[in-house]
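Student: I have a model open and I'd like to learn how to read a few of its features. Can you walk me through them?

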Amino acid sequence: MYQQYPQQYNAPNIEPTMKTSVLIKPNSFHAEKHWYPKALNAQIHPAVSFFMHLGNERIATRYAHLNPKVDKQALLAILSHRTKYFRWGGTDLMRTVTASGRSRMVVIETNSCPSGQKSFPVLNDSDEQGGYRRLIESTFLPQVTAHKAKGELAVFYDKNEMEAEGYAAAMADVFNENVHLIEWHDEPESGVRVKAETIEVYTSEKTWIPIRAGFRYVTQRPWNRIPVQTKTLLLNPIISCLAGGRNKLVAAKAYNLFNAELSGKGLEIATPKTIWDVNKNEVRLWVKQFGGKAVVKIPYGNAGQGVYPITSEQELDDFMSLDFSYDKFIVQSLIGNYNWSSSTETDKFYQTGTIPSAKGNTFVFDLRMMVVNGKEGFSPMATYARKALIPMTDTIATGLDSREMLITNLSGKLPDGTWTTDTSRLLLMDRKDFNRLGISLDDLISGYIQSVLAVTAIDNMAQQLISTKKKFKRKLFASLNDDDQLLQEIL
């Protein structure tokens, strides 16, 4: 658990070990540092560009036209709704279909500090800072302007330095002031501390500077070092993580509650069938109920960590042999090839996959849809796709690690704790890659609406977990997520 820094950190023999912030100054944005090389000069696909400029009125009109049971005015109200805590999110979606041909975009998970800018081509050549600046201007700037606090600006991160620095440089230009960029891990020498609910960073001048507002790209168990309540404005605050943005178990409950509210409006968050609050000794029972094919997840992991596809008895045995620090899991129906997807009481959805390559190979892929919430409500900010490592086959070979066929996340954690990225599996929304996905403008619209619904559901849950006195309802949270290890981690 994060602890306050003791006074001896200011002693001369201790100071050199403390990490210091990097000062990002205005006019320091360099595009080549903040986009993947393959995305830097890519030309946005016309359909994607068209989608990004549609606007919520036209999106709602089109979606309601294709789905006559949808209450268009209810959808417009959701698209224009202002969230309270969860202002910037990204969902991972799969395009699925049934044997009868019914297609839908399915929400796999929602992320409260999503990557995406470095993978999304600029919408026009003159837009040198792309979504980095659009996000800061549309979402962060209005919040900071309304937030009356003293201090400086910062970007905190624990991975994805490429995007974190891009946001810092865009912030420096938008606010016309220096921005502190600092890597924040769960370690006493991180150079970040919380004092009287204000986040402070340690500078190269050996001083602690209060931060009035911070852009947060801290993704790995952020609640163990960042309090739920801070006087420092954060995008996004920690409650958005606990309410579902970094917590798949509570997210599933948030989706379920919001779907109940949406009943009768023709709208629904589509997800794999999910069983929550599963103890490890119950996993076998639920996997059996899904026909022996399922996905078991540690609810609090991200970047592909803690996800275990189960396609065989061997993979189930391998999972059961592992030791975990957390007590609760979720079990979901598996979406793969039709021949080895989970069976549920309603239907069997399977992954459409990419368009076959010249060699006839089709790959599982997911679509990341990043959305932001500002004064006009929601808008799409970036989107890209990722494919699995090996092609999808009609059968799972004995001894094959199905993760290689199903897991699409590009990030990987090395033994030394650092991260690596496999960009060879990145699929851009450009003229070359978009057609390989086999998705349409209407799929983008559907994915965007699913993302908005998911983010709204989590924000609704976040609001329920904060009292009128701005305090975290710990007992309510514990009743929703009764996991002792997680509860001990929350600062």
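Student: Where does H5 bend, and by how much?

Tutor: This is a predicted model, where local features need pLDDT of at least 70, side-chain atom pairs count only at pLDDT 80 or more, and totals for chains, interfaces and linings use all residues. Residues are numbered from 1 along each chain as its sequence is written, and side-chain values use heavy atoms, with hydrogens and water left out. A bend at a residue is the angle between axes fitted to the seven residues ending there and the seven starting there. H5 bends by about 45° at phenylalanine 140, with proline 142 following within four residues. Helices here are DSSP runs of H or I with at least four residues, strands are E runs of at least two, and both are numbered from the N terminus.

Student: How many residues does H5 have, and what does it span?

Tutor: Take 1.5 Å times one less than the number of residues as the expected span. H5 covers residues 130-146, so to speak 17 residues, and its end-to-end C-alpha reach of 24 Å is close to the 24 Å expected.

Student: Which residues of H5 are buried?

Tutor: An α-helix has 3.6 residues a turn, so residues three or four places apart point the same way. Buried means under 20% relative accessible area, exposed over 50%, and partly exposed in between, with a 1.4 Å probe and protein chains only. The buried residues of H5 include Tyr132, Leu135, Ile136, Thr139, Phe140 and Gln143.

Student: Which residues lie nearest the centre of the largest cavity?

Tutor: Of its 25 lining residues, those are Met94, Ile108, Lys297, Val307 and Ile407. Among the elements giving two or more residues to that lining are strand S2 (88-97) and strand S3 (103-111).

Student: How do S2 and S3 run?

Tutor: Strands pair if DSSP finds at least two bridges between them. S2 and S3 run antiparallel, joined by 8 bridges, and threonine 96 stands opposite arginine 104 in S3.

Technical notes:
1 Å grid on protein atoms, 1.4 Å probe; cavity = no way out; pocket = protein on both sides within 12 Å on 5 of 7 lines; lining within 4 Å.
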